[in-house]
Amino acid sequence: MGALRGLPLSTARKRADQLLEENGLGEWAKKPIRTLSKGMAQTVQLLGTLVHEPRMIVLDEPFSGLDPINQGKLERLIRSRAADGVTIIFSTHVIAHAERLCEQIAIIAGGKVAFNGRVDEARECLRPIVRLRTRERDGPWRSALPPSAREEGGDWIFELPQSGPEPLLKALIDGGAGIETLAIERPGLHEAFVAIAGDAAARAMAVEPENVQ
């Protein structure tokens, strides 16, 4: 594959051996591809696209079907190429991979780009989430909770009010809540994806079709 992309055959073979060795496949170099596991075969396929050291790599669902060990190997391989200045574009349905690896993301919903930007910008589309546990189960402090607050496993969970954490804390303390734990969590990319894609789908459904008979 390296020779097909313009490398001298000797150089391509040398790079291939080096890549296989670096990725724990050196002893399999002379084995038929059919004898490899799916994860190993997928790794070999990826190495074949890297052997000529391209400056841009496009991957389609590269983590599909890989076990956690091979997923970790692939992530490290992607990171090492990115650290060398290579541009890498990949599609995935596993949001955790995008959150860990990507500097820029595009969320596609209904065949259209619903969001394009940094991961932190996507997460900032949602309000932070408050997870609150109190010693008291009822009292004046309950008025500080928004109507959407839900109780889950002994914790109250709700979006941080627009006024911020200070007024919330004051209302809870003055109302005698007896705060045991209070954590403010920024929603992850998974939650942002669900919200952004859901909003895009809702907008698409709200558009009246033309020429309906």
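1. A surface patch, as the term is used here, is made of residues with over 30% relative accessible area and no salt bridge, and nonpolar side chains are joined within 5 Å. The structure under review is a predicted model.

2. Under that definition, a nonpolar patch on the surface is formed by Leu169, Ile173, Leu182 and Ile184, which together have about 330 Å² of accessible area. Helix H6 (165-174) and strand E8 (179-185) are the elements that give two or more residues to this patch. Leu182 belongs to strand E8; its relative accessibility is 30%, so Leu182 counts as partly exposed.

3. Strand E4 (residues 112-118) runs antiparallel to E3, and six bridges join the two. Across this pairing, Ala106 stands opposite Asn116 in E4. The strands E3 and E4 form a hairpin with two residues between them, and Gly110 in the turn has a positive phi of about 60°.

4. A search of the whole structure for cavities of 30 Å³ or more finds one. The volume of the largest cavity is about 40 Å³. Its lining consists of Leu46, Leu50, Ile57, Leu59, Leu77, Ile78, Arg81 and Ile88. Two or more lining residues come from each of helix H2 (38-50), strand E1 (56-60) and helix H3 (68-83). H3 gives the most to the lining, with three residues.

Terms used:
Residues are numbered from 1 along each chain as its sequence is written. This is a predicted model: local features need pLDDT of at least 70, side-chain atom pairs count only at pLDDT 80 or more; totals for chains, interfaces and linings use all residues. Side-chain values use heavy atoms; hydrogens and water are left out. Patches are made of residues with over 30% relative accessible area and no salt bridge: like charges are joined within 9 Å, nonpolar side chains (Val, Leu, Ile, Met, Phe, Trp, Tyr) within 5 Å. Accessible areas come from the Shrake-Rupley method with a 1.4 Å probe; for residues, only the protein chains shown count as cover. A salt bridge is a side-chain nitrogen of Lys or Arg within 4 Å of a carboxyl oxygen of Asp or Glu. Helices (H or I, at least four residues) and strands (E, at least two) are DSSP runs, numbered from the N terminus. Buried means under 20% relative accessible area, exposed over 50%, partly exposed in between (1.4 Å probe, protein chains only). Two strands pair if DSSP finds at least two bridges between them. On a 1 Å grid over the protein atoms alone, a cavity is a set of points where a 1.4 Å probe fits but cannot get out, and a pocket is an open set with protein on both sides within 12 Å along at least five of seven lines; lining residues have an atom within 4 Å of a point. Grid points are joined across faces, edges and corners, and a volume is the space filled by probe spheres set on the points.
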